[in-house]
Amino acid sequence: MSAMLETPELPAVFDGVKLAAVAAVLYVIVRCLNLKSPTAPPDLIYQDSALSRFLLKSCPLLTKEYIPPLIWGKSGHIQTALYGKMGRVRSPHPYGLRKYLTMPDGATATFDLFEPQSEHCIGEDVTMVICPGIANHSEKQYIRTFVDYAQKNGYRCAVLNHLGALPNIELTSPRMFTYGCTWEFGAMVNYIKKTYPQTQLVVVGFSLGGNIVCKYLGETQANQERVLCCVSVCQGYSALRAQETFMQWDQCRRFYNFLMADNMKKIILSHRQVLFGDNMKKPQSLSDADLSKLYTATSLMQIDDNVMRKFHGYSSLKEYYEEESCLQYLHRIYVPLLLVNAADDPLVHESLLSIPRALSEKRENVMHVLPLHGGHLGFFEGSVLFPEPLTWMDKLVVQYANAICQWEKTKSHCSDTEQAVSGQE
């Protein structure tokens, strides 16, 4: 009898378990997707100057809330994963001409050249010279989307194809792109300067490309001639300081490290005949033993140590990372410099963000922009679930470049007016 009386209570117990399970799942979803994270304008670090005040007025995106897609956009992991897997949605196909440049060591550098589709806002000839992220090239969807948008805003675009990254272009010397080698990017810039003597340059680098362009500009003052500004997006600034964080499981960086290393291995092995074959020109330190170590590598650091550093004769991984990072060159850049990172970028540890923060606190030409969300090169926008083709990043880079062009034109006009007045006196 007592058992029969207790039976009706069992469904209530099961309902309680179900509710607890649902609550637990919802809690995990809310935490994983960061649904409680607020939206806010980017955190800006800069010195008060005439330039910074002009930029704040001319670039609404600097002071406006960045609002990612409601359901998943506040997760840096999902933003990064979607960028890595999908690139962009409804990506356009801009038409460009591929250029080939022979380097002094026999390597063949390639870049794609895209002409503007409208008149620039200041009515002058301006070219964006663009360096993509690790193992990327002009055919990547995020590059195509950005180039198409820049073309429509009156910019000519030149996009470097990292040496060895294009699957249909064979290496002509036993060397691939490395973390900070600026040779190919410099050759592309020199070609643009020579071919278009009236053009001015806007330098843009994404991720690893941000390191390369900043290092290039800081290597010599001559590299900054005819450069209006530089924009670096989602770079880590110091490979030496980043290598330890990249081996940690915090924010799944070790997993991302493994995935990128696997991709690098595939690219290197696709060129193994040129890199590891019987070639008298190959680095003497590159041997069959290095090829064996490459097969078992599970991190970028192992690949860099066994293969990449040897293209340029570095004696150790530490030396390679120190010399190839832009950290020691940033203070030598005198043109306006915009450094963009995302606070939830799972690849760039928060400790690395002290580098752009410290620089922007000291230099009037530097501004550091740090939105709460965006992941690594994601920065998707959208209402609820589906992202828009253009990202916040695409629009910010072009908006900043437009503002700098206007700034330079205003300065030039004021200078001409002063000279005219002086001549009349």
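**A tour of the annotated site and the cysteines**

Select Ser-207: at 12% relative accessibility, this residue counts as buried (under 20% relative accessible area, with exposed over 50% and partly exposed in between; 1.4 Å probe, protein chains only). The model is predicted, so local features need pLDDT of at least 70 and side-chain atom pairs count only at pLDDT 80 or more, while totals for chains, interfaces and linings use all residues. Residues are numbered from 1 along each chain as its sequence is written, and side-chain values use heavy atoms, leaving out hydrogens and water.

Ser-207 sits in the loop between strand E6 (200-206) and helix H8 (208-219); helices (H or I, at least four residues) and strands (E, at least two) are DSSP runs numbered from the N terminus. Its contacts (heavy atoms within 4.5 Å), leaving aside neighbours within four places in sequence, include Cys-234 and His-376.

Next, select Asp-345, in the loop between strand E8 (337-340) and helix H15 (354-362). Asp-345 is buried at 4% relative accessibility and touches Cys-234, Gly-375 and His-376, not counting residues up to four places away in sequence.

Move to His-376, in the loop between strand E9 (366-370) and helix H16 (392-424). His-376 is also buried, at 6%.

Now display Ser-207, Asp-345 and His-376 together: an unreviewed UniProt entry annotates them as "active site", in the numbering used here, and such annotations may be inferred rather than shown by experiment.

Finally, select Cys-59, buried at 0% relative accessible area. Its sulfur is 9.7 Å from the closest cysteine sulfur, in Cys-229, too far for a bond. The whole structure has zero disulfides (pairs of cysteine sulfur atoms within 2.5 Å).
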